[in-house]
Amino acid sequence: MSIFDEIKADPMNKSYTEKGWDPIFNAPKTAKIVIIGQAPGLKVQNSGIMWNDESGDRLREWLGVSKEEFYDSGDIGVIPMDFYYPGKAKSGDMPPRKGIAEKWHPALLKQMADRQLTILVGSYAQHYYLHLKSSAKITDTIRNYEEYWPKYFPIVHPSPRNNIWLARNPWYEKDVVPALQKRVRDILGPQKTTD
């Protein structure tokens, strides 16, 4: 049984499987970069394609990669903190369920043994992987991104909901994004152009 089938069969995911939903992730064995985010939105859950929304367009822009590189190269893996759309909250979506990353991430990361960089998108992934205190501020974590590499690179979630944060923190797109793009290109090599 594949990890995909095991996740679908997990009793924790029974209600999602009964809806006909598949777990959303991509863990190619050839991945050099792994992106860990929060949980798929409803649009992504319905399409079955990770980061297939406005947030994904902005993420690829920040990474400096094309859609082809992102989806088809086998160089980029994507694992959310929860594999299913968690539902709507008063403001935005519900948080990822606890216990999912602990149960499934080790096996998925193990099969991506050649990864050189893990990009942590948003506070859930950052708190979990960087072992941050609950009081840690995402702005400080991202501002001090160099403390966590070469293994990790924390970034803000590229959701349009964070446009106000981006406007208040112009250093992010001025300093952090170019550093991220350089790191990605150092790992993946020059971007291949298509005719």
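Predicted model: local features only at pLDDT ≥ 70, side-chain atom pairs only at ≥ 80, totals over all residues.
Helix H7 itself spans residues 123–130, and its buried residues are Ala125, Gln126, Tyr129 and Leu130. Viewed down the axis of H7, these buried residues fall within an arc of 95 degrees, so they line one face of the helix. The cover over the buried residues of H7 includes strand S1 (33–37), H6, strand S3 (117–121), helix H8 (138–143) and strand S4 (152–155).

## His105 in helix H6

His105 belongs to helix H6, which comprises residues 100–110. With a relative accessibility of 1%, His105 counts as buried, because the cut-off for a buried residue is under 20% relative accessible area.

The side chain of His105 is joined to that of Tyr129 by a polar contact of 2.6 Å. Tyr129 is among the buried residues of H7. Leaving aside residues up to four places away in sequence, His105 touches Ile36, Ile79, Pro80, Met81, Phe83, Ile100 and Tyr129.

Strand S2 covers residues 76–80 and is mostly covered, with five of its five residues buried. Ile76, Val78 and Pro80 point one way from S2, whereas Gly77 and Ile79 point the other way. In a regular strand, side chains alternate between the two faces of the sheet.

S1 and S2 pair in the parallel sense, over five bridges. Within S2, Pro80 has Gly37 standing opposite.

Asp75 lies in the loop between helix H5 (67–72) and S2. Its relative accessible area is 13%, and Asp75 is therefore buried.

The contacts of Asp75, not counting residues up to four places away in sequence, are Thr30, Ala31, Lys32, Ile33 and Leu188. Pro28 is 47 residues from Asp75 along the chain, and the C-alpha atoms of the two are separated by 7.6 Å.

## The largest pocket

The largest pocket has a volume of about 880 Å³. It is lined by 33 residues, of which Gln38, Asp93, His157, Ser159 and Arg161 are the closest to its centre. Helix H3 (42–47), helix H4 (54–63), S2 and H7 are the elements that give two or more residues to this lining.

Terms used:
Residues numbered from 1 in each chain as written. Heavy atoms only, no water. Helix = DSSP H or I, 4+ residues; strand = E, 2+ residues; numbered from the N terminus. Buried < 20%, exposed > 50% of the residue type's maximum accessible area, 1.4 Å probe, protein only. Polar contact = N/O pair within 3.5 Å; in protein donor to acceptor, adjacent residues only side chain to side chain. Contact = heavy atoms within 4.5 Å. Arc of directions from axis to C-beta. Pairing = 2+ DSSP bridges. 1 Å grid on protein atoms, 1.4 Å probe; cavity = no way out; pocket = protein on both sides within 12 Å on 5 of 7 lines; lining within 4 Å. Points joined across faces, edges and corners; volume = space filled by probe spheres on them.
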